Every structure is written in structure tokens, then in C-alpha cells.
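The points below are grouped by topic for reading alongside the structure.

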Amino acid sequence: MHAFRIISLLISIIFVVQWPDYCSAEQNQNELVSRLMKVSGLSAQIDQIHAAIWAAAPADAFASEAQGNEALRRFRKTFTTDRLMSLVRDQMLNSFDEDKIESLIKFHETPLGRKLARIQKDSLNFRNLKNMRESRKTAALLEGKRLDLISKIMELDQAAEINTQLAMEFVLAMLNPEALSDTQEIYPEASQDRRKTSVALEKSLVDETTILSYANNLKSFDESELAALASFLETPEADWFRKTSGASFRNAARELGKALAETLASRSN
């Protein structure tokens, strides 16, 4: 009996001692991921996604401004910003790498990292999207070393490929939301040839949009800053961030496409 009581007491002590440590470790992971999302500008981007998508809608999509505002409210409610934040955070926690995350935070606290984060924070606001569409002259003037550096940054970022994937996830989910699930093949085998043709056409459009975007967003970077940014994008932590955020945004694009389809369908009801 005494032995049983001692064992029970030891188990209780171990539980009491280890549980706070477990909570502390989990809390530390959450805090690190949240901090990275904030300092990198990722959280600000997520905050602006709904409005950025809505800004692309035709001006005559709704009978009145009030109807459009109500539809935007439903769109935000169908797939909320909080759910988007959770989706991205969960993806990072599933691939959690403390050393890489701390290195990424450290980079984003440097002058170059803060400058990059400011650009990320503003990348989806309406003013910046408008400037991007009007920045063809900026892109056309790219030449020499600056053009080479921006092209290298785009290549390291896998910008065109990722943007093409996001666009297709979003559009396919919007056009046929019932056909998509987390475990289902998005592209039926019968449509593979048609999909390849579509990807080639879309990629040419994405390439043009991407160079406009990079030319506009990086216009305040001098050549030494562009070279430093390219060097950072070659690091293992930058690769981890790119892959992890890319995976979460592909899921987000799918969910946002479904949410938009649901919102537009409810407009006619």
C-alpha cells in the first residue's frame, strides 16, 4: 500500500512538473510563429486578402454599392481572416523548425528585412495594386544588373510558378467547389492535356504580372540591397519559409475560391 502511494505520488509529481514544460514548449512555438508572421508582413497580407480579391471584381457585378458591401461582408464571414491566420499558422507549426524561424525573425529585424516587410505589408492594398497595374514603364526600363538581380529574385522566389498554382487553385475551386476536397485529385486525368495548355497560357500572363509586381515593389531597393535580398533567398531558412507559406496559401486559395463561389451564388437567391 505504501509503495502504491509512493508510486502514485511520483506519477502526480511527474505530471505536475512535465505538464507546464509541455505547455511552455507549445506556447513558445506559437509565439515564435506568430512573431514571424508579424515581422515578415505575412499577417498584414492575410488581413488584406479579402479586399484584394474583391477589388478584382467587375464594377458592375452588383446592382448597388450597398449590395456589393453586403456581399463582401458575407465573403469575409464565409471564410474569415481568423481562419486564414489559423491555416497559415498551423502549416508553420506542422513544419516547425525553431532554428530557421529564429533566423527568419532575426533577418526581418535587420534594416533590409524591415524594408522587405514594409513592402509585404502593403503588397495587397488597393493603392499598391493600382500602382502595379500602372507600372509597365518601370518594368520596361529595367536593364543591366538591376534586371538581372530582380530576375534572380523572382526565380529564387519561384514567383511565377507559385502564382500560377495559386491562381488555378482559386479559379478551379470557385468554378467547381463541390469537386474539390483535401484528398481528391484536383485535375481529372481526362483533362491533363487541356490543363497543360491552360497552364502555359496562364503562366505567360502571370510572368508579365509578376515582373510588373516585382518592378513596382522593389523600386526603392538599390542594387546592393537587391543583391543582399537575393543572397538571403538562397538560404535554407528562406527556402523553408517559401515552401511552408506557399503550401498554406495554396490551401487558402482553394478555400477562398469556394467562399467566393458561395457568396456569388447567394447573390441570386
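Ser248 is found in helix 13, where helices (H or I, at least four residues) and strands (E, at least two) are DSSP runs numbered from the N terminus. The model is a predicted one, in which local features need pLDDT of at least 70 and side-chain atom pairs count only at pLDDT 80 or more, whereas totals for chains, interfaces and linings use all residues. Residues are numbered from 1 along each chain as its sequence is written, and side-chain values use heavy atoms, with hydrogens and water left out.

- Apart from neighbours within four places in sequence, Ser248 is in contact with Leu87, Val88 and Gln91, contact meaning heavy atoms within 4.5 Å.
- Ala252 also has its place in helix 13, which covers residues 236-267.
- With a relative accessible area of 1%, Ala252 is buried.
- Residues up to four places away in sequence not being counted, Ala252 touches Leu84 and Leu87.
- A separation of 7.3 Å lies between the C-alpha atoms of Ala252 and Leu87, which are 165 residues apart along the chain.

**Overall fold and nonpolar core**

- The chain has 13 helices and zero strands.
- Of its 269 residues, 37% count as buried.
- Among contacts between residues at least 6 apart in sequence, 87% join residues at least 24 apart.
- The largest nonpolar core has 49 residues, of which Met92 and Leu218 touch the most other members; such a core is a set of buried Ala, Val, Leu, Ile, Met, Phe, Trp, Tyr and Cys residues joined through side-chain atoms within 4.5 Å.
- Helix 13 gives the most to this core, contributing nine residues.
- Neighbours within four places in sequence aside, Met92 is in contact with Val33, Leu36, Met37, Leu42, Trp240, Phe241, Thr244 and Ser245.

**Aromatic pairs and a charge over a ring**

- The structure holds two aromatic pairs. Rings of Phe, Tyr and Trp (its six-membered ring) pair if their centres lie within 6.5 Å; planes under 30 degrees apart count as stacked, over 60 as edge-to-face and the rest as tilted.
- Trp54 and Phe75 form a stacked pair, because their ring centres are 5.6 Å apart and their planes lie at 25°.
- Trp54 lies in helix 2 (residues 42-55) and Phe75 in helix 3 (residues 65-78), so this pair ties together parts that are 21 residues apart in sequence.
- Trp54 is buried at a relative accessible area of 14%, and Phe75 is buried at 0%.
- The rings of Phe107 and Phe232 are also stacked, because their centres are 3.6 Å apart and their planes are at 5°.
- This pair links distant parts of the chain, with Phe107 in helix 5 (residues 98-108) and Phe232 in helix 12 (residues 223-233), 125 residues apart.
- Phe107 is buried with a relative accessible area of 12%, while Phe232 counts as buried at 11% relative accessibility.
- The charged end of Lys115 sits over the ring of Phe221, 4.8 Å from its centre; the criterion is that NZ of Lys or CZ of Arg is within 6 Å of the ring centre and within 35 degrees of the ring normal.

- In helix 5, the buried residues are Ile101, Leu104, Ile105, Phe107 and His108.
- Seen down the axis, the buried residues of helix 5 fall within an arc of 160°, so they line one face of the helix; the arc is that of the directions from the helix axis to the C-beta atoms.
- Exposed Asp99 and Lys106 are carried on the face of helix 5 turned away from its buried side.
- Helix 9 (residues 144-157) has 14 residues and reaches 20 Å from its first C-alpha to its last, close to the 20 Å expected at 1.5 Å a residue; the expected span is 1.5 Å times one less than the number of residues.
- The buried residues of helix 9 are Arg146, Leu149, Ile150, Ile153, Met154 and Leu156.
- On the face of helix 9 turned away from its buried side are the exposed residues Asp148 and Glu155.

How values were computed. Buried < 20%, exposed > 50% of the residue type's maximum accessible area, 1.4 Å probe, protein only.
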